[in-house]
Amino acid sequence: MKRPMIIDRSRDEDFMREALELAAQGALLGEVPVGAVLVQDGKIIGRGFNCPISRNDPSAHAEMVAIREAASSLENYRLPGSTLYVTLEPCSMCAGLIVHSRVQRVVYGAKEPKAGVAISRGQFFSQEFLNHRVLVEGGLMGEACSDMLSAFFRARRHLARSGGTAESS
């Protein structure tokens, strides 16, 4: 059953700020700082930040973690009427999960020129073969999201040059 989507743009920045806080938590663990929150009916139902290194799980992207948490807590693999706020444009793996879990809307911050599939490396969500349509909006607080990523990678490069170690991504 398809849930009606009520878009409350006044709360979009609040939810993206929450995603940024999660991204910062990941950065403290040495993970690439990407955060995500999944919202349904104005309430956060899932949270996540990138943690593939700490979990030894290549699929532990922020979106995956948030969607898994929401599906588990709701005891439903479908998440109709939900909005995913993520600090970085989703990759192909996450885009597939977003469609399969029936997320209705994705709001992302920074573009991902190397692997983003909402707009940067293709337009996955508008492919005709998909049986679910996702509303995608990019650029919300994009500068803050991009700045966090840039600072993280700048610090890693500095650490590597000074003889410290930093796992490459």
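Q: How many helices and strands does the protein chain have, and what makes a stretch count as one?
A: The protein chain has 5 helices and 5 strands. Helices (H or I, at least four residues) and strands (E, at least two) are DSSP runs, numbered from the N terminus. Along the sequence they follow α-β-β-α-α-β-α-β-β-α. A word on the background: this is a predicted model, where local features need pLDDT of at least 70 and side-chain atom pairs pLDDT 80 or more, while totals for chains, interfaces and linings use all residues. Residues are numbered from 1 along each chain as its sequence is written, and side-chain values use heavy atoms, leaving out hydrogens and water.

Q: Why is Cys-145 called buried?
A: Buried means under 20% relative accessible area, exposed over 50%, and partly exposed in between (1.4 Å probe, protein chains only). Cys-145 has 1%, so it is buried. Its place is in helix α5. Of the 169 residues of the protein chain, 45% count as buried.

Q: What does Cys-145 touch, not counting residues up to four places away in sequence?
A: Contact means heavy atoms within 4.5 Å. With those sequence neighbours left out, Cys-145 touches Met-16, Leu-20, Thr-87, Gly-109, Ala-110 and Leu-140.

Q: How do you know that the span of helix α3 agrees with its number of residues?
A: The expected span is 1.5 Å times one less than the number of residues. For the 13 residues of α3 (residues 62–74) that gives 18 Å, and the end C-alpha atoms are 18 Å apart, so the two agree. Just after α3, Glu-75 takes a positive phi of about 55°.

Q: Which elements do the buried residues of α3 pack against?
A: They pack against β1 (35–40), β2 (43–49), α2 (52–55), β3 (82–88) and α4 (92–100). Among these buried residues are Met-64, Val-65 and Ile-67.

Q: What makes the radius of gyration of the protein chain agree with a compact globule?
A: The radius is taken over C-alpha atoms, and the globule rule is 2.2 Å times the number of residues to the power 0.38. With 169 residues the rule gives a value near 15 Å; the protein chain has 16 Å, so it agrees. Along its principal axes the C-alpha trace spans about 55 × 30 × 30 Å.
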